Amino acid sequence: MTPPIPIVGVGMACPVGWHSASALAALRAGVTRFTEVGDIIGPGGPARASRLAALDPAATRSERAAAFARPALHEALAHLGDPGERPLPCFLATPEPDLGPPLDLAALLRDLADAAPPLRLELHRGESGRAGCFAALRAATRRLLAPGEDRFALVGGLDSLADPQTLAALADRDRLLGRSNLDGVLPGEGAAFLVLMRPTAPAPRAPLARLLATAVAREPLPFAEAGDRLSAADGLTAAFHQLRDGFTGRVDEVFSGATGAAYFGREFSHAYLRNAALMPEPLRCTDVYSALGDVGAAAGPIAVVRAIASLAHNHTVLVHASSDTGAVGACLLARP
């Protein structure tokens with residue numbers, strides 16, 4: 001296993017909170033922002049989504065995602081101190097390409113730069129979708145453990161499935177939860193960022209958590225291709241198996257970035273049973289979806305932020321997510 005990587009900053013913004021502390025408090029209190037979007041009608045009725053009412057209803061996917069990214073990034077970097085002259089490497093999970101308009105990355109980079117003066121961001125795109133965060137964590141870890149002068153690396157994800165175009169695309173394909181699709185999705189939106197630090201670098205603050213291990217895999221029969229076929233969950237099984245290598249004992253809790261679709265429930269059940277020695281007993285699992293809906297590429301980092309906030313002394317937690325097109329990822333976190 002690689003040396004533990006300190007996490008020294010987090011930031012999160014979503015419809016229930018513009019800052020991680022307020023958002024996490026709202027989530028613990030059971031606050032939600034699901035609302036009917038009456039001008040978008042699918043086969044199952046009007047669309048419903050977790051969306052921020054303060055944003056212009058006509059705002060594009062890029063505009064909505066950037067609106068969440070700015071406060072999340074500003075919060076994550078608040079205690080960074082002087083990062084030096086080098087650009088800050090930013091490993092970003094982005095939306096999957098098969099549904100809805102793509103993000104305008106050039107405009108996004110300008111928005112992020114405006115939210116993080118005087119830092120210069122060096123943007124790296126990795127895997128897309130809910131699991132993209134874990135590929136980004138692995139890439140950032142390799143960067144920080146390689147010879148070089150980087151003290152910090154930024155990992156994040158941002159997305160909105162609640163913009164008009166993406167909602168309309170989901171409605172047209174009958175992908176929304178409704179009368180005609182009881183296994184459909186409730187779209188959401190949000191962003192989260194994590195600041196990782198080189199283990200040998202002087203810390204600007206006490207670390208919030210240690211990243212013990214990261215695993216990535218691919219599912220041979222992903223959600224987007226499965227239809228009525230049942231997946232054997234080989235991808236998630238492999239990711240959990242990777243985490244068991246070098247880790248003894250059980251984790252204390254599981255955090256999931258998956259949606260409520262039956263496919264992902266079966267996927268976790270199969271992977272859990274094949275890696276029972278790693279799992280908490282009794283099983284404790286907290287998901288992002290039930291409170292925020294499907295937040296796409298933001299699901300992984302939001303799940304990580306929630307997991308970090310839950311950590312108690314001597315506790316270890318597992319975080320995982322799966323993208324619709326087959327990327328799978330997971331990680332282990334512990335208190336410093």
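How many helices and strands does the secondary structure of the protein chain come to?

## Overall fold

In this predicted model, the protein chain has ten helices and twelve strands. Its radius of gyration is 19 Å, close to the 20 Å that the globule rule gives for 336 residues, so the chain is as compact as a globular protein of that length. Taken along the principal axes, the box filled by the C-alpha atoms is roughly 55 × 45 × 35 Å.

## Packing of H2 and H3

Helix H2 covers residues 61-76 and helix H3 covers residues 105-115. Their axes come within 9 Å of each other and cross at roughly 30°. This crossing is right-handed.

On the H2 side, the contact is made by Ala66, Ala69, Arg70, Leu73 and His74. The residues they meet in H3 are Leu108, Asp111, Leu112 and Ala115. Sorted by class, the contact of H2 with H3 consists of six nonpolar, one polar and two charged residues.

## Packing of H7 and H8

The crossing of H7 and H8 is right-handed.

H7 contributes Asp234, Leu236, Thr237, Phe240 and Arg244 to the contact. From H8 come Glu267, Phe268, His270, Ala271, Tyr272 and Arg274. By class, there are five nonpolar, two polar and four charged residues where H7 meets H8.

## Cavities

The whole structure holds three cavities of 30 Å³ or more. The largest cavity has about 160 Å³ of space, and 16 residues line it. Of these lining residues, Glu96, Arg130, Leu161, Asp294 and Asp324 are the closest to the centre of the cavity. The lining of the largest cavity divides into eight charged, five nonpolar and three polar residues.

The second largest cavity has about 50 Å³ of space. Its lining includes Gly42, Pro43, Gly44, Gly45 and Pro46, and also Asp174, Leu176, Leu177, Gly178 and Ser180. By class, the lining of the second largest cavity has five polar, four nonpolar and one charged residues.

Most residues other than glycine have a negative phi, and most peptide bonds are trans.

Which loop holds Asp174? Asp174 is found in the loop between helix H5 (164-172) and strand E7 (189-197).

Pro282 lies in the loop that runs between H8 and strand E10 (285-287).

How values were computed
Residues are numbered from 1 along each chain as its sequence is written. This is a predicted model: local features need pLDDT of at least 70, side-chain atom pairs count only at pLDDT 80 or more; totals for chains, interfaces and linings use all residues. Side-chain values use heavy atoms; hydrogens and water are left out. On a 1 Å grid over the protein atoms alone, a cavity is a set of points where a 1.4 Å probe fits but cannot get out, and a pocket is an open set with protein on both sides within 12 Å along at least five of seven lines; lining residues have an atom within 4 Å of a point. Grid points are joined across faces, edges and corners, and a volume is the space filled by probe spheres set on the points. Ala, Val, Leu, Ile, Met, Phe, Trp, Tyr, Cys and Pro count as nonpolar, Asp, Glu, Lys and Arg as charged, and the others, Gly among them, as polar. Axes are lines fitted to C-alpha atoms, for helices over the stretch in contact, and angles run from 0 to 180 degrees between N-to-C directions. Helices (H or I, at least four residues) and strands (E, at least two) are DSSP runs, numbered from the N terminus. A crossing is left-handed if the near helix is turned anticlockwise from the far one by less than a right angle, and right-handed if clockwise. Contact means heavy atoms within 4.5 Å. The radius of gyration is taken over C-alpha atoms; the globule rule is 2.2 Å times the number of residues to the power 0.38.
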